[in-house]
Amino acid sequence: MSTIIIIFQGLFELVGLGSFLAGYFIGLKWLMLIGGVLVVLDDVIEIFMGILNPLFPVILAITLAIIFNPWYVGVFWASAAFKVLGIPTSFIKIFAPQKIMKKAFRMM
């Protein structure tokens, strides 16, 4: 069961990021919005799980919200920045979830 959850999490991260970036650069606002909401939702989940420290992402989101117009695009970009760095881990979650499970057990 936990293997399925890990695989789903990796897919969720990649689909959200891919949708946001594709929608932004192609100009499909609805795709950008869906992907952006998924990326932000994933970051919020990681903050509540204690995986992501909320200080820097929140400061970056506020800063980019001031710079970008409309403001929510800045929030989406702030969240996407962290997801881009996590792309290799997302692929590991999908194709080798056992490695993530072993790492989690070692951290306990």
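## Where H3 meets H4

In this predicted model, the contact between helices H3 and H4 is made by Phe56, Pro57, Leu60, Ala61, Leu64 and Ala65 on the H3 side, which meet Trp71, Gly74, Val75, Trp77, Ala78 and Phe82 on the H4 side. Sorted by class, the residues of this contact comprise 11 that are nonpolar and 1 that is polar, with no charged residues among them.

The axes of H3 and H4 lie 7 Å apart, and the two helices pack at an angle of about 145°. Where H3 passes H4, the crossing is right-handed.

## Helix H4 and what covers it

Which residues of H4 are buried? They are Tyr72, Val73, Gly74, Val75, Phe76, Ala78, Ser79, Ala80 and Lys83. The cover over these buried residues includes helix H1 (2–26), H2, helix H3 (55–67) and helix H5 (87–95).

## Where H1 meets H5

The axes of H1 and H5 come within 7 Å of each other and cross at roughly 140°. Angles over 145 degrees would count as roughly antiparallel, so H1 and H5 are instead described as oblique to each other. Their crossing is left-handed.

On the H1 side, the residues in this contact are Ile6, Ile7, Gln9, Gly10, Leu11, Glu13, Leu14 and Leu17, and they meet Ile87, Ser90, Phe91, Lys93 and Ile94 in H5. Taken by class, the residues of the contact of H1 with H5 divide into 8 nonpolar, 3 polar and 2 charged.

Aspartate 42 belongs to helix H2, which covers residues 29–49. Is aspartate 42 buried or exposed? Its relative accessibility is 3%, and because buried means under 20%, aspartate 42 counts as buried. Leaving aside residues up to four places away in sequence, aspartate 42 touches Phe12, Glu13 and Lys83. Of these, Glu13 also takes part in the contact of H1 with H5, while Lys83 is one of the buried residues of H4.

Asparagine 53, by contrast, is found in the loop between H2 and H3. With a relative accessibility of 56%, asparagine 53 counts as exposed, because the cut-off for that class is over 50%. Asparagine 53 and aspartate 43 are 10 residues apart along the chain, and their C-alpha atoms are separated by 9.9 Å.

Definitions and conventions. Residues are numbered from 1 along each chain as its sequence is written. This is a predicted model: local features need pLDDT of at least 70, side-chain atom pairs count only at pLDDT 80 or more; totals for chains, interfaces and linings use all residues. Side-chain values use heavy atoms; hydrogens and water are left out. Helices (H or I, at least four residues) and strands (E, at least two) are DSSP runs, numbered from the N terminus. Buried means under 20% relative accessible area, exposed over 50%, partly exposed in between (1.4 Å probe, protein chains only). Contact means heavy atoms within 4.5 Å. Axes are lines fitted to C-alpha atoms, for helices over the stretch in contact, and angles run from 0 to 180 degrees between N-to-C directions. Angles under 35 degrees count as roughly parallel, over 145 as roughly antiparallel, 65 to 115 as roughly perpendicular and the rest as oblique. A crossing is left-handed if the near helix is turned anticlockwise from the far one by less than a right angle, and right-handed if clockwise. Ala, Val, Leu, Ile, Met, Phe, Trp, Tyr, Cys and Pro count as nonpolar, Asp, Glu, Lys and Arg as charged, and the others, Gly among them, as polar.
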